[in-house]
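Here is a briefing on one protein chain. Please look over the sequence and the structure before reading the points that follow.

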Amino acid sequence: MVDGNKEFLLDMVKDLEAEYARWEKTNRLPNGLYWQGDVQDGMEESISGGRRKQYARPTINSYMYGNAKALSLIGIMTGDEGMAMKYGLKADSIKTLVQDKLWNTDHHFFETMRGDASAEVREAIGYIPWYFNLPDASSKYTVAWKEVMDEKGFSAPYGLTTAERRHPEFRTHGVGKCEWDGAIWPFASAQTLTAMANFMNNYPQTVLTDSVYFHHMERYVESQHHRGRPYIGEYLDEVTGYWLKGDQERSRYYNHSTFNDLMITGLIGLRPRMDNTVEVNPLIPEGKWDYFCLDNVLYHGRNLTILWDKDGSRYQRGKGLHIYVDGKEVGHADTLTRVLCENVL
């Protein structure tokens, strides 16, 4: 969707289908959902599971939904109606199962299933379905996003926790052994922030504002420092901001964060699309930034520039939000708002 390189994508189709079939064979449960161990998810020692548990988690089921949707789109792209229908039906099936079985109607949240019962804990992985735009556009599901603003939920001084702070097992698994029972992991924060941007862009909703997204992005950025320098480790204390593995070699510069993507597609708001339209929707509250410039973005084989200049004095290109393709202006708005530039690529 970003680079427009169809040949590269089509060259991988057989491998992508084989990989999908392998997951169906090895990790699908009798009820149709997929299981995954916490370690294989990169999320050891959670409240809902454990290193050797094989539970139906929102993670793997969302990933398989995303894979099926992608393969269905490849079928549409190549004119293979059978492939498009096959994987479209698989995606629909997973979507139904996730909404029917992983949604906890008491907690109003997507949660891990231990066998036939919910794990009864809200964890950050419950937002991953929105990473792939899986949930229906219904107030039944949108209520889950209130938890990112609740200090008893996921909101902490240094960012978004990996489990709800009100839970009795929050931060009870010790320290230094890859605990996902509440401490902040940049990997998880990046997933939640991507899902949040999708929710704000792709769903009719009144739960979140750009001020909420900006607040959590600020915490995310501010947390990535150590000894006065930019730094990213494995995970950090949600109250003090201290990196829990300190300067240990394994944890130093633990690059598992999608920082650039969050800035480009979330904060600045370049929304990837398959067509020839450039869509920009900054999630920056009015009055926060007087200017910014995102330059030399390779998109669909073209060069994009997105700049904001509140009064026109910074870049001398005039006031407002400006969008350029290969140096030619294709879109403008006086304020930080959604701009659609159709048929400009």
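An unreviewed UniProt entry places the feature "domain: Mannosylglycerate hydrolase MGH1-like glycoside hydrolase" at residues 2–257. The model shown is predicted. In that stretch, residues 2–257, the chain is 40% helix and 8% strand.

**Domains and annotations**
- The end C-alpha atoms of residues 2–257 lie 19 Å apart.
- Residues 275–330 are 0% helix and 52% strand, with end C-alpha atoms 15 Å apart.

**Leu102 and its surroundings**
- Leu102 belongs to helix H4, which spans residues 81–102.
- Leu102 has a relative accessible area of 1%, so it is buried.
- Beyond its neighbours within four places in sequence, Leu102 contacts a set of residues including Leu33, Pro58, Phe109, Phe110 and Met113.
- Arg57 and Glu111 are also among the contacts of Leu102.
- Gln248 is 146 residues from Leu102 along the chain, and their C-alpha atoms are separated by 37 Å.

**Aromatic pairs**
- The whole structure holds 25 aromatic pairs.
- Trp103 and Tyr141 make an edge-to-face pair, with centres 4.8 Å apart and 80° between the planes.
- Trp103 lies in strand S3 (residues 103–104) and Tyr141 in helix H6 (residues 139–142), so this pair ties together parts 38 residues apart in sequence.
- Trp103 and Tyr141 are both buried.
- Tyr127 and Trp130 form a tilted pair because their planes meet at 45°, with ring centres 6.3 Å apart.
- Tyr127 is buried at a relative accessible area of 1%, and Trp130 is buried at 1% too.
- Ring pairs join a cluster that includes Trp103, Tyr127, Trp130, Tyr141, Trp145 and Phe199.
- Phe109 and Phe110 are among the members of this cluster, and both are in contact with Leu102.

**Charges over rings**
- The charged end of Arg22 sits over the ring of Trp23, 5.1 Å from its centre.
- Arg317 lies over the face of Tyr324, 5.3 Å from the ring centre.

**Cysteines**
- The disulfide count is zero.
- Cys293 is in no disulfide, and its nearest cysteine sulfur, that of Cys341, is 15 Å away.
- A disulfide would need the two sulfur atoms within 2.5 Å.
- Cys293 is partly exposed, with a relative accessible area of 40%.
- Cys178 counts as buried, at 10% relative accessibility.

Conventions. Residues are numbered from 1 along each chain as its sequence is written. This is a predicted model: local features need pLDDT of at least 70, side-chain atom pairs count only at pLDDT 80 or more; totals for chains, interfaces and linings use all residues. Side-chain values use heavy atoms; hydrogens and water are left out. Helices (H or I, at least four residues) and strands (E, at least two) are DSSP runs, numbered from the N terminus. Buried means under 20% relative accessible area, exposed over 50%, partly exposed in between (1.4 Å probe, protein chains only). Contact means heavy atoms within 4.5 Å. UniProt positions are given in the numbering used here, feature names are shortened, and annotations may be inferred rather than shown by experiment. Rings of Phe, Tyr and Trp (its six-membered ring) pair if their centres lie within 6.5 Å; planes under 30 degrees apart count as stacked, over 60 as edge-to-face and the rest as tilted. A charge sits over a ring if NZ of Lys or CZ of Arg is within 6 Å of the ring centre and within 35 degrees of the ring normal.
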